Amino acid sequence: MTTPSPAMRARYIADSVATASPAKLLLMLFDRLVMDLNRGEQALVAGDRPEANSQLKHAQDIITELQVTLNLDAWEGAPGLAALYSFAQLELINANIKGDVEKVTGVRNLMEPLRDTWREAAMAVAAAEG
């Protein structure tokens with residue numbers, strides 16, 4: 001098996017994003033968020049602050065995207081979810097400034113169950129659509 005070139009990989013990712021359903025896009029964002037948080041934790045434990053900064057800033061970008069695309073009028077739980085995203089954003093900023101791995105772990109522990117819940121909801125919708 002050959003390893004795809006970086007250009008081929010980038011095109012595959014771009015095509016995957018362009019053709020994904022909104023539910024799939026949301027799951028892709030959460031999967032990447034959890035991966036960034038894991039990588040950020042590992043970098044902080046290893047004492048690699050530049051790598052931790054890169055991973056945590058990308059995680060913050062994803063949370064920002066989740067915040068700005070959240071429709072606060074769509075359902076009654078949306079304001080609570082918005083508050084959770086704001087809390088996670090602030091925790092990651094502080095974790096990055098202080099090099100605090102426990103804050104990153106805390107955010108990951110909040111986001112993983114949320115990702116799993118969105119995954120279950122997306123699967124239920126897909127099953128209902130046939």
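Hi everyone, and thanks for coming. One thing to keep in mind from the start: this is a predicted model.

Let's begin with the helices. Please find helix H4, residues 78–98, and helix H5, residues 101–129. They pack against each other at an angle of about 150°, and their axes are 9 Å apart. As for the handedness, H4 passes H5 in a left-handed crossing.

Which residues make that contact? On the H4 side you'll find Leu 81, Leu 84, Tyr 85, Phe 87, Ala 88, Glu 91, Leu 92, Asn 94 and Ala 95. H5 brings Lys 103, Val 104, Val 107, Leu 110, Met 111, Leu 114 and Trp 118.

Now for the charged pairs. As a general point, side chains of opposite charge can pair when their charged atoms come close. How many salt bridges does the structure hold? There are seven, and I'd like to walk you through some of them.

Let's go back to the helix contact, where we met Glu 91 and Lys 103. These two residues form a salt bridge, with 3.6 Å between the closest N and O atoms. The pair links distant parts of the chain, since Glu 91 sits in helix H4 and Lys 103 in helix H5, twelve residues apart. Is Glu 91 buried or exposed? Glu 91 has a relative accessible area of 15%, so it counts as buried. Lys 103 has 21% relative accessibility, and therefore counts as partly exposed.

Next, stay in helix H5 and look for Arg 108 and Glu 112. They are four residues apart, about one turn of the helix. Their salt bridge has its closest N and O atoms 3.2 Å apart. Arg 108 is buried because its relative accessible area is 15%, while Glu 112, at 21%, is partly exposed.

My last stop is Arg 115 and Asp 116. These two form a salt bridge as well, and the closest N and O atoms are 3.2 Å apart. Arg 115 counts as buried, at 16% relative accessibility. Asp 116 is partly exposed, with a relative accessible area of 34%. This pair also belongs to a network of salt bridges that links Asp 31, Arg 115, Asp 116 and Arg 119.

Notes. Residues are numbered from 1 along each chain as its sequence is written. This is a predicted model: local features need pLDDT of at least 70, side-chain atom pairs count only at pLDDT 80 or more; totals for chains, interfaces and linings use all residues. Side-chain values use heavy atoms; hydrogens and water are left out. Axes are lines fitted to C-alpha atoms, for helices over the stretch in contact, and angles run from 0 to 180 degrees between N-to-C directions. Helices (H or I, at least four residues) and strands (E, at least two) are DSSP runs, numbered from the N terminus. A crossing is left-handed if the near helix is turned anticlockwise from the far one by less than a right angle, and right-handed if clockwise. Contact means heavy atoms within 4.5 Å. A salt bridge is a side-chain nitrogen of Lys or Arg within 4 Å of a carboxyl oxygen of Asp or Glu. Buried means under 20% relative accessible area, exposed over 50%, partly exposed in between (1.4 Å probe, protein chains only).
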